[in-house]
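Hi,

Here is the structure I promised to pass on to you. Have a look at it first, and then read my notes below.

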Amino acid sequence: AAQGEVYVARGDTLVIAGTPVRLLGVDLPQGRSAAAEDARREVQQIVADSFVACRLTGETQSNQMLGTCTADGTDIGAELVARGLALDCARWSQGRYRALEPEGSRERLPASRDCGN
């Protein structure tokens with residue numbers, strides 16, 4: 001588990017007490033797109049003034065720990081999918097966020113090949 005000071009590096013990456021943690025099971029827009037920046041800003045709002053904790057899997061990807069993170073008990077990945085800012089990443093989530101996707105998300109957001117969506 002990781003907990004402590006939080007910095008939102010990207011929409012799908014939190015740095016908690018100096019440890020980069022990639023949110024497991026969500027597929028967010030990457031790069032310098034407006035959608036990627038919207039997602040990052042939304043994560044900043046979700047974690048602001050919240051107690052953030054991450055359950056780490058022990059696996060890493062691109063030197064980041066993989067984990068599921070909550071802000072005051074709310075699953076951040078689930079919240080991003082429900083708000084239409086991310087897609088379920090079936091490869092890592094086993095589909096647990098798919099039902100939360102608002103209608104039209106798959107047409108609007110770019111899906112990563114990495115997710116097997």
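Let me start with the surface: the protein exposes about 6300 Å², and carbon and sulfur atoms supply 46% of that area. Accessible areas here come from the Shrake-Rupley method with a 1.4 Å probe, and for residues only the protein chains shown count as cover.

Before the rest, a word on the ground rules. This is a predicted model, in which local features need pLDDT of at least 70 and side-chain atom pairs count only at pLDDT 80 or more, while totals for chains, interfaces and linings use all residues. Residues are numbered from 1 along each chain as its sequence is written, and side-chain values use heavy atoms, with hydrogens and water left out.

**Overall picture**

The protein has four helices and nine strands, where helices (H or I, at least four residues) and strands (E, at least two) are DSSP runs numbered from the N terminus. Read from the N terminus, the order of elements is β-β-β-β-β-α-β-β-β-α-β-α-α. The radius of gyration is 13 Å, close to the 13 Å that the globule rule gives for 117 residues, so the protein is as compact as a globular protein of that length. For that comparison, the radius is taken over C-alpha atoms, and the rule is 2.2 Å times the number of residues to the power 0.38. Along the principal axes, the C-alpha atoms fill a box of roughly 35 × 25 × 25 Å.

Of the 117 residues, 44% are buried; buried means under 20% relative accessible area, exposed means over 50%, and partly exposed lies in between (1.4 Å probe, protein chains only). Taking contacts between residues at least 6 apart in sequence, 54% join residues at least 24 apart, with a contact meaning heavy atoms within 4.5 Å. As for charge, the mean positions of the 13 positive and 16 negative charges are 5 Å apart. Lys and Arg count as positive and Asp and Glu as negative, without His and the chain ends; each charge is placed at NZ of Lys, CZ of Arg, CG of Asp or CD of Glu.

**The strands around β7**

I would look at β7 (residues 64–71) next. Six of its eight residues are buried, so this strand is mostly covered. Which strands pair with it, given that pairing requires DSSP to find at least two bridges between two strands? β4 runs parallel to β7 and is joined to it by three bridges, with R22 opposite L66. Strand β6 (residues 52–61) runs antiparallel to β7, over seven bridges, and Q61 stands opposite Q64 there. Strand β8 (residues 74–75) is also antiparallel to β7, with two bridges; in that pair, T70 has D75 as its bridge partner.

Two of these pairs are hairpins. β6 and β7 have two residues between them, and S62 in the turn has a positive phi of about 50°. The hairpin of β7 and β8 also has two residues between the strands, and D72 takes a positive phi near 50°.

I16 has T19 as its bridge partner in β4. This hairpin has two residues between its strands, and A17 takes a positive phi near 50°.

A17 lies in the loop between β3 and β4 and is exposed, with a relative accessible area of 52%.

Q94 is another residue other than glycine with a positive phi, near 55°. You will find Q94 in the loop between α3 (90–93) and α4 (105–108), and at 65% relative accessibility it counts as exposed.

Leaving out residues up to four places away in sequence, A86 touches V26, D27, L28, L80, V81 and L109. The C-alpha atoms of A86 and R96, 10 residues apart along the chain, are separated by 13 Å.

Best wishes

Terms used:
Two strands pair if DSSP finds at least two bridges between them.
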